[in-house]
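Please consider the structure below.

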Amino acid sequence: PEAMRIKGEILLMGEQPDTASAEEQFGRSLEVSQAQGARFWELRGALSLSELRHRQGASGDAQKILDASYGKFTEGFATADLMRARSLLDQWAGA
């Protein structure tokens, strides 16, 4: 899942980002991580996909994607990815 997510991030770099392919990679990353029960990788994929969806103007969808993944955690809230997720959710809720 992480390799797919990174590929998606690479597709967004450069002068002509391929957002459709990046979104597909992020979605595949989420699917695989969910099938494997890999919540950490799911969160990272959700972060990437939700940030892309937010930039595309789909803030409600972005929040829903990230909240679904974030809500599966019961510990580890001091880790960088969970703190970033919480910060984005708070920011988007206030917008």
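Q: Why are α3 and α4 called roughly antiparallel?
A: In this predicted model, α3 and α4 pack at an angle of about 170°, with their axes 8 Å apart. Angles run from 0 to 180 degrees between N-to-C directions, and axes are lines fitted to C-alpha atoms, for helices over the stretch in contact. Angles over 145 degrees count as roughly antiparallel; α3 and α4 are therefore roughly antiparallel to each other.

Q: What makes the contact of α3 with α4, by class?
A: Eight nonpolar, four polar and three charged residues make the contact. Nonpolar covers Ala, Val, Leu, Ile, Met, Phe, Trp, Tyr, Cys and Pro; charged covers Asp, Glu, Lys and Arg; the others, Gly among them, are polar.

Q: Why is Ser69 called buried?
A: Ser69 has a relative accessible area of 2%, and buried means under 20%, exposed over 50%, partly exposed in between (1.4 Å probe, protein chains only). Ser69 is therefore buried. Leaving aside neighbours within four places in sequence, Ser69 is in contact (heavy atoms within 4.5 Å) with Glu42, Leu43 and Ala46.

Q: Which residues of α4 are buried, and which are exposed?
A: Ala62, Ile65, Leu66, Ser69 and Tyr70 are buried.

Residues are numbered from 1 along each chain as its sequence is written. In this predicted model, local features need pLDDT of at least 70, side-chain atom pairs count only at pLDDT 80 or more, totals for chains, interfaces and linings use all residues, and side-chain values use heavy atoms, with hydrogens and water left out.

Methods
Helix = DSSP H or I, 4+ residues; strand = E, 2+ residues; numbered from the N terminus. Parallel < 35°, antiparallel > 145°, perpendicular 65-115°, else oblique.
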